[in-house]
Amino acid sequence: GDNRSNVAKENAAPSKEFWQTKVNGVAKVIADAGPHIVALQEIEGDQTLNSIRKVLQDKHGVAYRYAFIQGTDSFLEQDVGILVKNGLISYRRQEQSKTMYDSREYYNVSKHLIAEFRWSNVKRPLTLMTVHYRARAEAEEKRVKQAKLSRLWMEQPLADEHDVLVLGDFNSETFAGENRSDIAALAGEKGKPQMLDLLTQLKNPRQPTHLILPRQFDRIMASESIVKDEPGLDWSFERVEILDRAV
């Protein structure tokens, strides 16, 4: 009901019943998987997150809170958000400085959210960034600049020895193991803390993440502190899987 752009209006659900069926389906996938943190892309806004949260609570008995800040995509009116069980202490969006903008090395990430988590019994804080980069092969240069900007924002958490995750709809044309373009920009330059593409740990590292196209658009980049187990209680990588089902 609050869509403004023609594209958003054309792609709106044809009925309340259709929309509710979609919400119920998404909530069921989340409830079945049982994640502690859920990062979502291509959502309409906080009303969508709240609807999913409510179905999770009412139909599945699982309590989540959500984090959302409206982005700047006025064409598709898509946004990103987070559902989390506990541990969230803050969340924010960031923008380039004028110096960064004038350098032309970066490109604004219109759809992103950065969240900070802490748990009293866990050694390291967690910084998580959910993103949705520019789509299509011809936009690769802009995507690389978006990835460079995301990496720049993660440099301080990495230096502060946080666990770090950057994940979401990268729209990357690069497959797991091909450390180039946008993935390379997020991985980090030589001599800096590295971030690893978790899709390289799949049984089939070229398994598509898209339901239709043979592409790995959706990615999870993790700091080495998550991939390499350390002494004490902390988050450690166990496995990655692609849930090959439609909602």
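Mentor: Start with pairing: two strands pair if DSSP finds at least two bridges between them. Keep in mind that this is a predicted model.

Trainee: What makes strand E4 and E5 a pair?

Mentor: E4 covers residues 88-92, and four bridges join E4 to E5 in the antiparallel sense. The cut-off is at least two bridges, so the two strands count as paired. Tyrosine 91 stands opposite alanine 115 in E5, and arginine 92 has isoleucine 114 of E5 as its bridge partner.

Trainee: Why are E5 and E6 also called a pair?

Mentor: Seven bridges run between E5 and E6, again in the antiparallel sense. At least two are needed, so these strands pair as well. Isoleucine 114 has methionine 129, in E6, as its bridge partner.

Trainee: Which strands make up the sheet, and in what order?

Mentor: The sheet is open and has six strands in the order E4-E5-E6-E7-E9-E8, with mixed pairing.

Trainee: Why do E4 and strand E8 count as edges?

Mentor: E4 and E8 (195-197) each have a single partner strand, so one side of each has no neighbour in the sheet. Neighbouring strands of the sheet are turned by 20° against each other on average, direction ignored.

Trainee: What packs on this sheet?

Mentor: Helix H5, residues 140-159, packs on the sheet and touches E5, E6, E7, E8 and strand E9 (218-223). The direction of H5 makes about 175° with that of E6.

Trainee: Why is E5 described as largely enclosed?

Mentor: Seven of the seven residues of E5 are buried, so the rest of the structure largely encloses this strand. Lys111, Leu113, Ala115 and Phe117 point one way from E5, while His112, Ile114 and Glu116 point the other way, and all are buried.

Trainee: Why is histidine 112 called buried?

Mentor: Buried means under 20% relative accessible area. Histidine 112 has 1%, so the term applies. This residue lies in strand E5. Leaving out residues up to four places away in sequence, histidine 112 touches Val80, Arg93, Gln94, Met129, Thr130, Val131 and Trp153.

Trainee: Which residues have the most contacts inside the largest nonpolar core?

Mentor: They are Ile82, Leu88, Phe117, Leu126, Leu128 and Leu165, in a core of 22 residues. Strand E3 (79-84), strand E5 (111-117), strand E6 (126-132) and strand E7 (163-169) each give two or more residues to this core. A second, separate core has 21 residues, among them Val109, Val131, Val166 and Leu186.

Trainee: What makes lysine 192 and glutamate 155 a salt bridge?

Mentor: The nitrogen of one side chain and the oxygen of the other are 3.8 Å apart. The limit is 4 Å, so the pair qualifies. Lysine 192 is in the loop between helix H6 (181-187) and E8, and glutamate 155 is in helix H5, 37 residues apart.

Trainee: How many salt bridges does the whole structure have?

Mentor: The search finds 21. One of them joins arginine 239 and glutamate 238, with the closest N and O atoms 2.9 Å apart. Arginine 239 also meets glutamate 241 in a salt bridge, at 3.5 Å. Arginine 239 is at 55% relative accessibility, over 50%, and therefore counts as exposed.

Technical notes
Residues are numbered from 1 along each chain as its sequence is written. This is a predicted model: local features need pLDDT of at least 70, side-chain atom pairs count only at pLDDT 80 or more; totals for chains, interfaces and linings use all residues. Side-chain values use heavy atoms; hydrogens and water are left out. A nonpolar core is a set of buried Ala, Val, Leu, Ile, Met, Phe, Trp, Tyr and Cys residues joined through side-chain atoms within 4.5 Å. Buried means under 20% relative accessible area, exposed over 50%, partly exposed in between (1.4 Å probe, protein chains only). Axes are lines fitted to C-alpha atoms, for helices over the stretch in contact, and angles run from 0 to 180 degrees between N-to-C directions. Contact means heavy atoms within 4.5 Å.
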